[in-house]
Amino acid sequence: MKKKGLYGFLKLFHEQAQVAGWPVVEITRATIKNGYHLPHVDFVTKVRQCRCCGSALHVQKSKKRIVSTMETGTIQVREIRKVCSADSFHPVETSGILAQMVPAGQRYGYDLIVAVGMARYLRNMQRQEIRAELLREKNVSGN
Ligand SMILES: [Zn+2]
């Protein structure tokens, strides 16, 4: 995966916020407001119409979870799911970007899983050392 760094993440975040229909004021507030010093980010699918019948999609529900990736550090994400307004059995649309970053329902990003694996087996680091380095350099917290 290509590393985009903080700039890439902020750009991605602003794109997502625009898809969610937030005014600029809301975007700024969301990046500052954080319960445990975690940025909150909404992930919304860019798809606007049902892929089966072309009907409009509406928001079904949102799910929050805390995720950690090398690219973003530890953040709270809210995944907003959309369903067909005509037939609820048509496929649910979710954010493709989030799915590329973190396995479904999981806490740790693909890039983080790879980095931790490499640190353990190539650099012979212990879990505690890896944890300290990630927190120090990437603002990633976790087990
Ligand atoms: Zn449909």
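User: pLDDT is the predictor's confidence in each residue, from 0 to 100. What does the pLDDT of the protein chain average?

Analyst: This is a predicted model, in which local features need pLDDT of at least 70 and side-chain atom pairs count only at pLDDT 80 or more, while totals for chains, interfaces and linings use all residues. Residues are numbered from 1 along each chain as its sequence is written. In the protein chain, 73% of the residues score at least 70. The average pLDDT is 80.

User: In what order do the elements of the protein chain run from the N terminus on?

Analyst: Helices (H or I, at least four residues) and strands (E, at least two) are DSSP runs, numbered from the N terminus. The protein chain has five helices and three strands. Their order is α-α-β-β-β-α-α-α.

User: In what order do the three strands stand in the open sheet?

Analyst: Two strands pair if DSSP finds at least two bridges between them. β2 (residues 57-69) and β3 (residues 73-84) run antiparallel and are joined by 12 bridges, whereas β1 and β3 pair in the parallel sense over five bridges. The pairing in the sheet is accordingly described as mixed, and the order is β1-β3-β2.

User: Which strands stand at the edges of this sheet?

Analyst: Each edge strand has a single partner strand, so one side of each is left without a neighbour in the sheet. The strands at the edges are β1 (40-44) and β2.

User: Which residue of β3 stands opposite R65?

Analyst: β2 and β3 form a hairpin with three residues between them. In β3, R78 is the bridge partner of K64. The residue opposite R65 is V77.

User: How many of the five residues of β1 are buried?

Analyst: A residue is buried if 20 or more other C-beta atoms lie within 10 Å of its own, exposed if 12 or fewer, and partly exposed in between, with C-beta atoms placed from the backbone. Of the 143 residues of the protein chain, 22% count as buried. β1 is mostly covered, and its number of buried residues is four.

User: Which residue in β3 is the bridge partner of V44?

Analyst: β1 and β3 pair in the parallel sense. The bridge partner of V44 in β3 is I80.
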